[in-house]
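Dear colleague,

I am handing over the structure below, and after it I set out what was found. Please read the notes with the coordinates open beside them.

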Amino acid sequence: MFKNFANVWTIVGVAQDLKRVAPLAMRVAGERVVLFRDDAGKACALIDQCPHRGVALSLGRVEYGVIECPFHGWRFDGAGRNCHVPWNPDAKRENLAATSLPCREAGGLLWLYTGFDPTEEPEPSQTLTAQDRVALCAQSVTWKAHWTRVMENMLDSPHLPFVHRSTIGRDLAKHVGDGRLEMVFESRTYGGRICASVDGSPRAGNMDYRFPNVMELFIDPPGKTFRLMVACIPEDEQTTRLWLLTVRSFARAPLFDFAFRWMNRRIAREDQAIVESSLPAEVPPPAEEASVRTDAPTLAFRKIYRERLLGSSASAPRRRECFAP
Ligand code: FES
Ligand SMILES: [Fe+2]
């Protein structure tokens with residue numbers, strides 16, 4: 001399960017989107033997952049497949065913190081425990097559980113663990129946990145691309161004056177030609193920091209790569225906070241869901257969310273067709289593509305991907321008995 005993306009915490013949504021009355025269905029690294037809130041309001045996740053006949057639990061309803069399968073009405077709590085099997089009061093419900101996954105709320109976001117025994121808790125960046133974080137606006141879009149190509153795109157600055165020549169690449173476009181761009185990737189415990197300079201002058205706007213799949217761009221105006229974050233969640237080998245997040249300490253009224261969302265969508269659309277056209281779909285070993293000095297951050301990401309994610313998988317604990325007629 002969760003092939004090539006196992007045993008990591010990933011952002012999967014925004015906490016306020018998960019209501020008590022409705023399940024939230026999603027795909028993560030090839031697995032169907034359903035999120036809902038238990039009777040205490042805590043975010044919970046199950047593999048979205050009823051242990052009875054495999055239908056999507058997310059098509060069912062949530063009542064009093066328990067999700068009911070839409071097919072024969074079996075009910076499961078947030079830990080996957082079977083609470084009810086209609087018509088079968090003698091059923092051994094302890095053997096008829098759904099498969100639960102670790103799920104948390106942190107920094108205003110929903111986090112899912114792509115495995116079963118996390119040794120650490122999710123670590124949202126300081127941007128998300130800071131007291132002065134006042135406005136988080138979020139939206140998601142879907143691209144037909146492998147998540148590694150999407151992640152690389154987010155860490156790649158040399159494309160800005162070409163793909164985004166009329167938006168965020170306008171300033172860098174002035175230096176294209178004989179200018180020398182330096183891209184430095186400094187390893188950090190959370191992933192890495194990317195700093196850029198042009199002809200020896202450092203550029204404003206450092207960028208963080210947060211393992212496994214988040215880019216955070218710091219574009220703080222003087223005395224203010226303004227960050228763009230993108231989480232690249234693999235849905236399957238051809239599809240990536242991007243959560244585009246803006247965190248700001250100015251223009252706080254929700255009314256302004258519209259403008260930030262519009263801008264984020266516009267920039268993402270500029271990238272989309274380019275990234276979706278990449279071949280091969282998944283990033284290959286570095287030697288199989290031509291690279292130059294300014295590819296240092298994307299090559300650093302590739303190394304981390306190959307060392308920590310490629311080849312990973314998780315196995316669900318088996319705890320089910322079959323009824324033998
Ligand atoms: S398939 Fe879920 S209860 Fe039968
Ligand atoms: Fe881009």
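This is a predicted model: local features need pLDDT of at least 70, side-chain atom pairs count only at pLDDT 80 or more; totals for chains, interfaces and linings use all residues.

Taken as a whole, the secondary structure of the protein chain comes to six helices and 19 strands. The radius of gyration is 22 Å, close to the 20 Å that the globule rule gives for 325 residues, so the chain is as compact as a globular protein of that length. The C-alpha trace spans about 80 × 50 × 35 Å along its principal axes, and 36% of the 325 residues count as buried. Among the contacts with a separation of 6 or more, 56% are accounted for by residues 24 or more positions apart.

The part I would draw to your attention is strand E4, residues 43–47, where four of the five residues are buried, so that this strand is largely enclosed by the rest of the structure. Strand E3, residues 31–37, pairs with E4 in the antiparallel sense over five bridges, with Val-34 standing opposite Leu-46 of E4. Together E3 and E4 form a hairpin with five residues between them, and in its turn Gly-41 has a positive phi of about 85°.

E4 also pairs with strand E9, residues 100–101, again in the antiparallel sense, over two bridges, and in this pairing Ala-45 stands opposite Leu-101 of E9.

With best regards

Terms used
Residues are numbered from 1 along each chain as its sequence is written. Chains are lettered from A and ligands numbered from 1 in the order in which they are written. The radius of gyration is taken over C-alpha atoms; the globule rule is 2.2 Å times the number of residues to the power 0.38. A residue is buried if 20 or more other C-beta atoms lie within 10 Å of its own, exposed if 12 or fewer, and partly exposed in between; C-beta atoms are placed from the backbone. Two residues are in contact if their C-beta atoms, placed from the backbone, lie within 7 Å. Two strands pair if DSSP finds at least two bridges between them.
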